[in-house]
Amino acid sequence: MNGPKVTVIGSMNMDLVVKTAAIPKLGETVFGQSFSTLPGGKGANQAVACARLGADVKMVGCVGNDAFGTELIATLRNEGVNTSYVEPVPHCSTGIASINVQEGDNSIIVVPGANFAVTREVVAKAEEAIKQADIVLLQLEIPLDAVTEAVNIANKYKIPVIVNPAPAQILPKELVDKITYLTPNEYELAILITGQPVVESSFNEMMSQLPGKVVMTKGSNGAYFVDHNLELYHQQAFKVEAVDTTGAGDTFNAAFAVQIAKGNSVKEAMTYAAMASAISVTKFGAQGGMPTAKDVDKWKTKLEETGR
């Protein structure tokens, strides 16, 4: 492929998705509307999204030596993702995510399984994949030691790094300093900056503590960036009829990474990512709705023609 080289290091899950009209209360049983097993995990999702958007993608991660693991690897290969650095782990189950979808929104329980077998040593084996990348994309569904190792290797070869800090956790300052871009939502940003889940100060104030480094996503309100001059930039979300928001954040991160890897500006990357994520929520499944580069280009042309 001639696209930008993206190395994704992260989780691989099988999503067990229940579509329901009502989420049960504790002790309550309700009837669901449908059930599906769908490939997921933030790492795998972002790898698939990058590949569909034209990137040359290498995936680094672990699966169990089971049917789910075999299926996840096959899915990535079918999407054109290089899985040479995906390790099956014996005596360990593949990670799963139990997802309840209600009225286009979702609640998720993740069982990490083999994702927690992504150690420093596993990442170190992928040094060549990191060295050859135009950008490295990470999330926090694998151990922090592995994330730190990946960032250190990328820094060694001066490769830019994007970290999607989800699930939310406090990151050491020395690690944050080595990361090129962080892409939290408002809750994750509060954890990063204050160590508390409660947003007491404005997100503008929090982002200003890491100027030029944070692209904060805010759902239907779009995304925000504070540059090195402490000027706030707002990328509005594009209005669509949402069917399933499960993969929206992963699509945004992937699209942003691909555009930065191509050498585009943060603002250009945010606009493209907002378009891609808007398209993604119009279909069911984390990976099911992820658009191709042609999809985004057609959508962009339609927006320009209609003026909205």
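Modeller: Here it is, and please keep in mind that this is a predicted model. A place to begin is the hairpin of β12 and β13, which has five residues between the strands and in which Leu230 takes a positive phi near 65°.

Colleague: How many bridges join β12 to strand β13, and which residue in β13 does Ala223 stand opposite?

Modeller: Strand β13 covers residues 232-235, and β12 and β13 run antiparallel, with four bridges joining them. Within this pairing, the residue in β13 that stands opposite Ala223 is Gln235.

Colleague: In the open sheet of three strands, which strands stand at the edges?

Modeller: The order of this open sheet is β11-β12-β13, and the pairing is antiparallel. Two of the strands have a single partner strand each, so one side of each is left without a neighbour in the sheet, and these edge strands are β11 and β13. From one strand to the next, the twist averages 20°.

Colleague: Are the residues on the two faces of strand β12 buried or exposed?

Modeller: Strand β12 comprises residues 223-226, with Ala223 and Phe225 on one side and Tyr224 and Val226 on the other. Helix α10 lies across β11, β12 and β13, running at about 25° to β13. Both faces of β12 are covered, and the four residues named are all buried.

Colleague: At what angle do the axes of helix α9 and helix α10 cross, and what is the hand of the crossing?

Modeller: Residues including Phe252, Phe256 and Ile260 in α9 meet residues of α10, among them Val266, Met270 and Tyr272. The axes of α9 (residues 248-261) and α10 (residues 266-280) come within 8 Å and cross at roughly 145°. The crossing of these two helices is right-handed.

Colleague: Turning to the open sheet of four strands, which are the edge strands?

Modeller: The strands of this sheet follow the order β3-β2-β6-β7, and their pairing is mixed. The strands that pair on one side only, and are thus at the edge, are β3 (34-40) and β7 (105-111). The twist in this sheet averages 20° from one strand to the next.

Colleague: How many bridges join strand β2 to β3, and at about what angle to β2 does helix α2 run?

Modeller: Strand β2, residues 13-19, runs antiparallel to β3, and seven bridges join the two, with Leu16 standing opposite Thr37 in β3. Helix α2 (residues 67-78) lies across β2, β3 and β6 (95-102), and the angle at which α2 runs to β2 is about 95°.

Colleague: Why does Thr148 count as buried?

Modeller: Thr148 has its place in helix α5, residues 144-156, and, leaving aside its neighbours within four places in sequence, Thr148 is in contact with Arg120 and Leu175. Buried means under 20% relative accessible area. Thr148 counts as buried because its relative accessibility is 18%.

Colleague: Where does His91 lie, and does it count as buried or exposed?

Modeller: His91 has a positive phi of about 60° although it is not a glycine, and His91 lies in the loop between β5 (82-89) and β6. The cut-off for exposed is over 50% relative accessible area. At 86% relative accessibility, His91 therefore counts as exposed.

Terms used: Residues are numbered from 1 along each chain as its sequence is written. This is a predicted model: local features need pLDDT of at least 70, side-chain atom pairs count only at pLDDT 80 or more; totals for chains, interfaces and linings use all residues. Side-chain values use heavy atoms; hydrogens and water are left out. Buried means under 20% relative accessible area, exposed over 50%, partly exposed in between (1.4 Å probe, protein chains only). Two strands pair if DSSP finds at least two bridges between them. Axes are lines fitted to C-alpha atoms, for helices over the stretch in contact, and angles run from 0 to 180 degrees between N-to-C directions. Contact means heavy atoms within 4.5 Å. A crossing is left-handed if the near helix is turned anticlockwise from the far one by less than a right angle, and right-handed if clockwise.
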